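I opened this one to look up a few things and jot them down as I went. Here are my notes, beginning with a helix.

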Amino acid sequence: GILIAMLISEPAEPAVRSNRRFLWIAPALVLALASIWGNHYLLRAELTLYDLQNVFQSPAGGAKRPPSVAEVTGALERAVEARPYSPFPWETAGDFYLANRDYRRAEECFLESQRRTMSRPSIYGRLHRIEYARGNHEKARELLLEMYRRFPMSPKYRERVMELYPDAVK
C-alpha cells in the first residue's frame with residue numbers, strides 16, 4: 001500500500017517524480033528478474049529429477065524393457081548437473097539399482113547421496129539392505145542400528161530392528 005501511494009502521489013516537480021519512481025521501479029525489476037531466474041533453476045532441477053524417475057516407469061498399458069545402465073547414468077548426470085547438492089537423484093538411481101540387485105552401483109549411489117546429507121536415516125536403511133543381501137550381517141546390523149539411532153521415533157524403523165535384532169532395542 002505504501003509503495004503504491006508513493007508511486008501515485010504527485011510531487012511538486014516532474015523531475016523529482018521521475019527520480020522517485022525510478023528508485024522504486026529499479027528494485028522491483030531486480031526482484032522480479034531474480035525470482036524468474038530462481039524459478040527457472042528450481043523448475044529445471046525438478047524436471048530433470050522427473051526425467052530420471054520416468055526412466056524407470058513403464059508406460060501405461062504396456063510392459064517396458066528395463067532401462068540400460070547408460071540411460072540411467074545419463075538421466076542421473078543431468079539431474080545431478082541441475083541440482084548438484086541434492087541427495088534425491090542419487091537415492092532414486094540407487095533405489096533402481098537395489099531393486100535390480102545391482103548392489104555395487106546401488107551402494108555407489110547411496111554413498112553419494114549420503115555425502116550430500118548425513119542426516120537422512122533412510123540411506124542407512126538402504127545400505128543395510130545391501131550389506132544384508134551380501135551376507136555382511138555385522139555391517140548390516142551397524143547400519144540398521146545407526147538408522148534407528150538417528151530416528152528412534154519411527155515405528156517402521158523400530159519394527160525392522162526388532163525383527164532382525166531384538167536384543168538391540170531396550
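I started with H6: at 1.5 Å a residue, its 14 residues should span 20 Å, and its end C-alpha atoms are 20 Å apart, so the two agree. The expected span here is 1.5 Å times one less than the number of residues. Helices (H or I, at least four residues) and strands (E, at least two) are DSSP runs, numbered from the N terminus.

**Ground rules.** I'm working on a predicted model, where local features need pLDDT of at least 70 and side-chain atom pairs count only at pLDDT 80 or more, while totals for chains, interfaces and linings use all residues. Residues are numbered from 1 along each chain as its sequence is written, and side-chain values use heavy atoms, with hydrogens and water left out.

**Around H6.** I checked how covered H6 is: ten of its 14 residues are buried (buried is under 20% relative accessible area, exposed over 50%, partly exposed in between, with a 1.4 Å probe and protein chains only). Among the buried ones I noted Tyr124, Arg126, His128 and Glu131. They pack against helix H4 (88-99), H5, H7 and H8. Just after H6, Gly135 takes a positive phi of about 90°.

**Whole protein.** I counted eight helices and zero strands. Buried residues make up 31% of the 170 residues. Of the contacts (heavy atoms within 4.5 Å) with a separation of 6 or more, 46% are between residues 24 or more positions apart.

**Largest pocket.** Which residues line the largest pocket? I found Ser122, Gly125, Arg126, His128, Arg129, Leu144, Met147, Lys156, Tyr157 and Arg160. A pocket is an open set of points on a 1 Å grid over the protein atoms alone where a 1.4 Å probe fits, with protein on both sides within 12 Å along at least five of seven lines; lining residues have an atom within 4 Å of a point. Its volume is about 200 Å³, taken as the space filled by probe spheres set on the points, which are joined across faces, edges and corners. H6 (121-134), H7 (137-150) and H8 (155-164) each supply at least two lining residues, and H6 gives the most, with five. By class, I get three nonpolar, three polar and four charged residues. For that tally, Ala, Val, Leu, Ile, Met, Phe, Trp, Tyr, Cys and Pro are nonpolar, Asp, Glu, Lys and Arg are charged, and the others, Gly among them, are polar.

**Glu91.** Is Glu91 buried or exposed? It sits in helix H4 and counts as buried because its relative accessible area is 4%. Leaving out residues up to four places away in sequence, Glu91 touches Phe110, Ser113, Arg120, Ile123 and Arg126. Its side chain makes a polar contact of 3.4 Å with that of Ser113 (a pair of N or O atoms within 3.5 Å; within protein, one must be able to donate a hydrogen and the other to accept it, and residues adjacent in sequence count only if both atoms are side-chain atoms).

**Arg101.** I found Arg101 in the loop between H4 and H5, exposed at 64% relative accessible area. Arg101 has a positive phi of about 60° although it is not a glycine. Most residues other than glycine have a negative phi.

**Arg105.** Last, I looked at Arg105 in helix H5 (residues 103-116), which counts as partly exposed because its relative accessibility is 25%. The side chains of Arg105 and Asp102 are joined by a polar contact of 2.8 Å. Beyond its neighbours within four places in sequence, Arg105 is in contact with Val69 and Tyr97.
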